Amino acid sequence: MFRGKSGKLIKILWHDGLGMSLYAKRLERGRFLWPSSADGVVTITPAQLGYLFEGSF
């Protein structure tokens, strides 16, 4: 998962064993809240991932 510099865009690369998919979501207003990073890496829980995609693609 990657977040754009402005915080309005996130992208997810997903590999399911057969191929790779790219999912993206952009906000028109506001920005994605992002946990603080440790050593440039952010770990999120499945619940936090669900909150990011609330409203779905």
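What follows is a chat about a predicted model of one protein chain.

Trainee: What's in this chain, in terms of helices and strands?
Mentor: One helix and three strands. Going along the sequence, you get the pattern β-β-β-α.

Trainee: And how do the strands line up, parallel or antiparallel?
Mentor: Antiparallel, in an open sheet with the order E1-E2-E3. E1 and E3 are the edge strands, each pairing on one side only.

Trainee: How many bridges are there between E2 and E3?
Mentor: Seven, with E2 covering residues 9-15. If you want a spot to look at, find His15, which sits opposite Met20 in E3.

Trainee: Switching topic: which element has the lowest mean pLDDT, and which the highest?
Mentor: Helix H1, residues 46-52, is lowest at 80, while strand E3, residues 20-26, is highest at 90. The chain average is 81, and 95% of the residues score at least 70.

Trainee: How much of the chain is buried?
Mentor: Buried residues are 14% of the 57. The accessible surface is about 4900 Å², with 56% of that belonging to carbon and sulfur atoms.

Trainee: Which residues make up the nonpolar patch on the surface?
Mentor: Phe2, Leu13, Met20 and Leu22, with about 450 Å² of accessible area together. Phe2 belongs to strand E1, and Met20 is the residue across from His15.

Trainee: Last one: what box do the C-alpha atoms fill?
Mentor: Roughly 35 × 30 × 20 Å, along the principal axes.

Methods. Residues numbered from 1 in each chain as written. Predicted model: local features only at pLDDT ≥ 70, side-chain atom pairs only at ≥ 80, totals over all residues. Heavy atoms only, no water. pLDDT = per-residue confidence, 0-100. Helix = DSSP H or I, 4+ residues; strand = E, 2+ residues; numbered from the N terminus. Patch = residues over 30% accessible without salt bridge, like charges linked within 9 Å, V, L, I, M, F, W, Y side chains within 5 Å. Areas by Shrake-Rupley, 256 points an atom, 1.4 Å probe, with all protein chains shown as cover. Salt bridge = Lys/Arg side-chain N within 4 Å of Asp/Glu carboxyl O. Pairing = 2+ DSSP bridges. Buried < 20%, exposed > 50% of the residue type's maximum accessible area, 1.4 Å probe, protein only.
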